[in-house]
Amino acid sequence: MISTEERGSLVECLTSVLSELESEVLTCYLDGRSYEEIADRLACEPKAVDNALQRVKRKVSAHLDSREVLN
């Protein structure tokens with residue numbers, strides 16, 4: 001569980017640093033869709049979905065690491 005402040009910080013980060021594709025892929029992924037379903041929905045290849053999710057993970061990780069430095 002994360003604090004309200006941390007959640008707000010993460011949401012702000014996601015809205016400011018994710019590309020449109022990354023944001024759409026993340027939303028679909030969090031809705032429980034498979035890579036293939038997301039790819040069909042966004043008219044791209046499943047590998048593009050995987051790449052976008054990997055970029056999201058790196059960006060979230062970098063954000064969380066920067067927050068730890070501030071604490």
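How many residues has α1, and how far does α1 reach from its first C-alpha to its last?

Author: This is a predicted model, in which local features need pLDDT of at least 70, side-chain atom pairs count only at pLDDT 80 or more, and totals for chains, interfaces and linings use all residues. Residues are numbered from 1 along each chain as its sequence is written, and side-chain values use heavy atoms, with hydrogens and water left out.

Helices (H or I, at least four residues) are DSSP runs, numbered from the N terminus. The helix α1 has 14 residues and reaches 20 Å from its first C-alpha to its last, close to the 20 Å expected at 1.5 Å a residue; the expected span is 1.5 Å times one less than the number of residues.

Buried means under 20% relative accessible area, exposed over 50%, and partly exposed in between (1.4 Å probe, protein chains only). In α1, the residues E6, S9 and C13 are buried. They cover an arc of only 65 degrees around the axis, and therefore lie on the same side of α1; the arc is that of the directions from the helix axis to the C-beta atoms. On the other side of α1, T4, E12 and T15 are exposed.

H63, which lies in helix α4 (residues 46–70), touches S9, L10 and C13, not counting residues up to four places away in sequence. H63 counts as buried because its relative accessibility is 12%.

The loop between α1 (4–17) and α2 (20–30) holds L18. With a relative accessibility of 12%, L18 is buried. Apart from its neighbours within four places in sequence, L18 is in contact with C13, S23, L26, V56 and K59. Between the C-alpha atoms of L18 and R33, which are 15 residues apart along the chain, the separation is 19 Å.

Helix α2 includes E22, a residue that is buried because its relative accessible area is 2%. Residues up to four places away in sequence being left out, E22 touches V17, A52, R55, V56 and K59.

Conventions: Helix = DSSP H or I, 4+ residues; strand = E, 2+ residues; numbered from the N terminus. Contact = heavy atoms within 4.5 Å.
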